[in-house]
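Keep the picture open while you read.

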Amino acid sequence: MDPITHLDDLERRAELGGGADRLKKQHDAGKLTARERIDLLFDPGTFQEIDKLVTHRCRDFGMDAPEFLIPGDGVVAGQGRIDGRSVYAFAQDFTVFGGSLSETNAAKIVKIMDLAMKMGLPMVGLNDSGGARIQEGVMSLGGYADIFLRNTLASGVIPQISAIMGPCAGGAVYSPAITDFNVMVEGTSYMFVTGPDVIKTVTHEDVTKDELGGAMTHNATSGVAHFAVPDDRECLRLIRELLSYLPSNNVDEAPRRETSDPSDREDAALDRLVPASANQAYDMLDLIHAVADEGGFLEVHRHFAKNIIVGFARLGGAPVGIVANQPAHLAGTLDIDASVKGARFVRFCDAFNIPLVTFEDVPGFLPGTRQEYGGIIRHGAKLLFAFAEATVPKLTVITRKAYGGAYCVMSSKHIRTDVNFAWPGAEIAVMGPEGAVNILYEIEKAADPVAARAERIEEFREKFANPYVAAARGFVDEIIHPRQTRAKLIAALAGLSTKRDKNPPKKHGNIPL
């Protein structure tokens, strides 16, 4: 056969994957093919594939038959551009042996992971696989371990994003678990260590794949996934958007964007955001959208631990990480899930030089035996550890309540936060005035207990629970009008642009896991 013809034939076979019938089944299942996903992820015409003609080496179980030697071996891997920036990616091809991981398949993934580390470029994994290729035994398992090692070494060095776009089960789940962000597609993706059949045999529980490890299970209940999207196209669009906030590595700065939104813009509606009653809820997202460039905010972990908000925005064109208590859910208290969610996001931003902006309205940690038995002390300490360890520019705005230990944890001045603002109605104290009065005074002995209680509460609020006491001590740098928040934050960030801080020399800290 003519060499050119032979090459063309091999490339056509590689692009057909498991063949026309299996490609049709992929579409019928509501899923795009691996190559279609790659085409949508990258800027048109920029993807450069590696190892397109690789085939597996297994010669047992009839696997050496010509029809089983499919070029590419079930994964498309290479490098391309997203919004003009270089990114590495792989896409598992479910039409080839169910996307199962083989020795050579894993070697392709490992190769581009190593290249991504050397080049200092983000790594994206599009997962759609039935697991380890059984015919290859320990070789496929070794391939998983090789990938896990690279995920671990790359953590904090380059951004790693995983998309679950089909099955991801058994040992395969640990690679996405190590990466920075997980996106799951509703209705077609799932993740679990052991499947429904095994669970039924061992524990006699009846559960479907979607209930056990579907997109909303891991977005809302377990917190394993950070985003849930309706289809493959939205998944790939979201990955492109997420990368627009992130630097390519831990040395580069995050990409800035030109904005027509004035840096000194004020929003009079913020002066009315916080209700007059201290116990009345409001939506912290209104504040975030009001101060961000063009109102843009990419919320992370939106369905999980709703009492805290984390995500990315831009201020004056520069990406920032937002951490905010949410008074509209559990009064904005910190619980186990909120602490873990916040801590992980803070550590990601710190690893990749993304400034942190904290909006604080926290009455304390959520009380109860369930929280104490679940280890709220240990988990709450994770958020404290993360904020204290972070060396990026840190800014905090106290909008209303900042009580007790939660005040310390939420990026207070005492844990190296650079600039702390407070709104005029902020209350900063060991506890709220109502609770403090109950402990400090014997109100029931007064001639008019109701009037005496009201008087003492107002007295406590004036003496202790206001921002002016903290400002007098230097714990709050400035008390600002709410409408000024955007302008003050952008000006403060500009002043912190040359910040250089570091932690004591050590291998790593021992965060209370």
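How many of the eight residues of strand E11 (residues 308-315) are buried? Before we get there, bear in mind that this is a predicted model, where local features need pLDDT of at least 70, side-chain atom pairs count only at pLDDT 80 or more, and totals for chains, interfaces and linings use all residues. Residues are numbered from 1 along each chain as its sequence is written, and side-chain values use heavy atoms, leaving out hydrogens and water.

Back to E11: eight of the eight are buried, so the strand is largely enclosed by the rest of the structure. Buried here means under 20% relative accessible area, with a 1.4 Å probe and protein chains only. Strands are DSSP runs of at least two residues (E), helices runs of at least four (H or I), and both are numbered from the N terminus.

Who are its neighbours? Strands pair if DSSP finds at least two bridges between them. E11 pairs with strand E10 (residues 298-300) in the antiparallel sense over three bridges, and there leucine 298 stands opposite phenylalanine 312. In the hairpin of E11 and E12, two residues lie between the strands, and glycine 316 takes a positive phi near 65 degrees.

Now hop over to helix H14 (residues 376-389), which has 14 residues. Among its buried residues are Ile376, Leu383 and Phe387. The buried residues of H14 pack against several elements, including strand E12 (318-325).

Key. The expected span of a helix is 1.5 Å times one less than its number of residues. Buried means under 20% relative accessible area, exposed over 50%, partly exposed in between (1.4 Å probe, protein chains only). Contact means heavy atoms within 4.5 Å.
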